[in-house]
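Keep the viewer handy and follow along.

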Amino acid sequence: MAGQTVSMKGPVCLIENDSEGKLCVVRSALETLSQIEQHVVVVAVVGLYRTGKSYLMNKLAGTNKGFALGATIQSQTKGIWMWCVPHPIKSDHTLVLLDTEGLGDVEKGDDSNDNWIFSLAVLLSSALVYNSMGTIDNYALEKLHYVTELTDLIKVKSVEGDVDESADYVRFFPSFVWTVRDFGLDLKLDGKPITAHQYLDNALKLKPGTSKKIVQYNLPRDCLRKFFSPRWCFVFERPANSEKMKRMEELTDADLEPSFVMQSRDFCDHIFKEVKTKTMIGGLKVTGKMLGNLTEMYVDMIRSGQVPCLDNAVVALAQIENSSAIEKAKAYYQQSMAKLVVFPTETQQQLSMVHASMEREAVAIFMNSSFKDEDQKYQKELMKALQEVYSTICEKNSQESQRACTHIIEHIFAPLKVQLTNGSYMTPGGYKHYCDDLKMMTSEYRSTGGKGVKAEEVLKKYLNDKESTGQAILSADQSLTEAELRAEEEKAKREASEQEKRTMEEQIKVQELLMDDQKRTYEEHKKQLLEKMEADKENAKVEYNRVLEAKLKEKEDLLKEGFHCKAQEMEAQIKDLRMEQEEQEKAKPSIWKQALDNIGTAALMIPGWGKLIGVGMKVGSHFMK
């Protein structure tokens with residue numbers, strides 16, 4: 001998805017604490033996100049304060065400076081800070097970096113603030129980086145107790161009561177990256193070399209038993225395994241000596257330990273290549289603008305004492321994004337038509353062709369920005385909105401055509417007016433001269449361009465207005481015999497009937513093209529709706545396969561570790577997941593049929609069509625008589 005983005009010179013605060021200590025969003029940061037129409041990859045870093053989180057985020061941003069670093073025991077980052085930069089690999093994505101307030105800061109004395117900061121990092125990111133010092137041991141995992149409290153801080157569905165939804169977290173939670181700083185051990189297990197990822201997997205192994213101590217030991221490990229997939233680990237040696245560490249912002253790679261530089265580069269490369277686009281329920285890909293709206297929703301929920309709910313957030317976000325998508329598509333259509341249409345168009349077909357092209361692009365804009373449009377409510381609104389604009393354009397085209405034709409007639413038939421004023425035709429043989437002049441000027445009028453869709457109708461009115469004049473000249477022409485007089489009267493009637501026929505044909509042709517426009521509108525909306533539903537189906541399938549793969553792996557690991565009861569629980573979750581997928585597949589044909597029926601009904605009931613086509617039906621019926 002190509003689109004507008006921004007490249008910030010440095011980080012800004014996205015979420016802070018107000019004077020009462022409550023979390024609040026920073027409006028200027030939301031305005032920055034609102035300008036990003038690209039999909040986003042969101043990397044959030046969390047961890048204990050003074051563990052060097054900000055350094056890693058600066059490296060991801062491609063610089064040594066940006067997020068505040070410090071050499072004191074005080075936490076430098078407060079709240080959540082944001083830095084949006086072009087993604088170094090995915091040119092159609094923006095990389096959003098979120099640096100969070102250090103957890104466990106003794107100066108705060110408020111655990112609930114830490115819990116909400118951690119929860120927001122989980123809710124907003126597509127990759128959660130947990131940064132710690134030393135090794136991954138039981139002490140380090142106990143410090144990650146925030147993960148065990150997520151079940152009280154995040155809801156998946158809007159349901160009453162105490163419902164355990166933790167089995168669904170893996171569907172919506174980000175990937176997990178544990179970065180271990182100042183790592184001084186050899187990566188070996190049982191004397192054999194292992195990778196950092198294997199080191200993490202080994203650290204997350206569960207202990208058998210049911211004692212309180214073992215349950216406490218297993219809890220953070222079990223949560224990490226169940227909630228986050230995939231999980232990765234990177235270890236970093238100490239970057240430099242203590243003196244150099246005090247001025248990290250001033251140092252270049254040449255001043256740091258080569259092994260640390262290489263480890264940092266491997267970490268960044270992995271994040272750039274492996275971390276996916278931020279998604280929501282159903283595999284919906286998130287843009288910067290959507291991320292801003294989500295941030296505001298989640299913080300508002302927390303401020304009001306509610307637990308952030310993913311389902312509610314999606315519904316609320318859909319209302320905002322779908323309404324915005326209509327306005328964006330309508331504005332594009334209006335601006336494009338104003339730019340491309342020169343009034344009057346020579347034919348209705350010319351206008352219809354421009355309309356078809358711009359409508360197709362406007363619908364595509366809507367489809368790219370909309371989601372969860374149940375019953376096609378918003379698509380139907382778009383169809384109606386575009387038709388109202390098109391109806392107005394068609395009316396203006398008719399008016400401009402009438403104005404142009406009137407002006408052309410005044411110019412071409414001006415000599416006839418002079419002759420009539422002078423009485424030049426009120427002589428023997430004058431009627432023939434009058435008819436010849438009228439015929440010549442009519443022919444010139446028809447060959448003149450720039451008349452538009454009302455050419456014959458305006459000419460008919462002019463000729464009708466001249467009928468009495470022609471009759472008077474005919475009656476005064478004494479050179480004609482009685483028989484010749486009657487013959488000329490019959491000829492005039494035939495010519496008037498022929499002009500009536502031309503006018504009717506002109507109107508019917510316009511109305512037929514307008515009806516073709518209606519059919520094309522339905523077909524275009526149907527085509528793009530089917531394409532979107534197919535894309536949504538594929539996104540959901542990707543999400544399903546990812547979750548299924550994660551649960552299958554966890555089941556296999558549990559069996560290897562001897563936790564057969566837990567493996568059976570995981571098998572039950574896998575069975576439920578597959579059953580849910582099967583039910584969705586069975587329901588798809590009826591859902592798709594209903595969606596197309598909704599669009600078809602909407603196309604027939606658009607008010608503008610009655611205004612444009614109803615008259616044409618009457619004209620056609622009259623002509624057929």
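Q: How far apart are the end C-alpha atoms of residues 480–587?
A: Keep in mind that this is a predicted model. The UniProt record, an unreviewed entry, annotates residues 480–587 as "coiled-coil region". In the model that part of the chain is 95% helix and 0% strand, and its end C-alpha atoms are 83 Å apart.

Q: In what order do the eight strands of the open sheet line up?
A: Strands pair in a sheet through backbone hydrogen bonds, either parallel or antiparallel. Here the pairing is mixed, and the order is E2-E1-E4-E5-E3-E6-E7-E10.

Q: Which strands sit at the edges of that sheet?
A: An edge strand pairs on one side only. On average, neighbouring strands in this sheet are turned by 20 degrees against each other, ignoring direction. The two edge strands are E2 and E10 (231–235).

Q: How many disulfides does the model have, by a sulfur-to-sulfur cut-off of 2.5 Å?
A: A disulfide is a covalent bond between the sulfur atoms of two cysteines. With that cut-off, the count comes to zero. Take Cys 24: the nearest cysteine sulfur belongs to Cys 13 and is 7.9 Å away, so Cys 24 is in no disulfide. For Cys 223, the closest cysteine sulfur is in Cys 565, too far for a bond at 18 Å. The total is zero disulfides.

Q: Is Cys 223 buried or exposed?
A: The cut-off for buried is under 20% relative accessible area. Cys 24 makes it at 14%. Cys 223 has 6% relative accessibility, so Cys 223 is buried.

Q: Which residue in E7 stands opposite Tyr 130?
A: E6 (residues 127–133) and E7 (residues 175–181) run parallel and are joined by seven bridges. Across from Tyr 130, the residue in E7 is Trp 178.

Q: What angle does the direction of helix H2 make with that of E5?
A: H2 covers residues 53–60 and packs on the sheet, touching E3, E4, E5, E6 and E7. Another helix, H11 (residues 288–303), lies across E1, E2, E3 and E5, running at about 150 degrees to E2. For H2 and E5, the angle is about 170 degrees.

Key:
Residues numbered from 1 in each chain as written. Predicted model: local features only at pLDDT ≥ 70, side-chain atom pairs only at ≥ 80, totals over all residues. Heavy atoms only, no water. UniProt positions renumbered as here; feature names shortened; annotations may be inferred. Helix = DSSP H or I, 4+ residues; strand = E, 2+ residues; numbered from the N terminus. Buried < 20%, exposed > 50% of the residue type's maximum accessible area, 1.4 Å probe, protein only. Pairing = 2+ DSSP bridges. Axes fitted to C-alpha atoms, helices over the stretch in contact; angles between N-to-C directions. Contact = heavy atoms within 4.5 Å.
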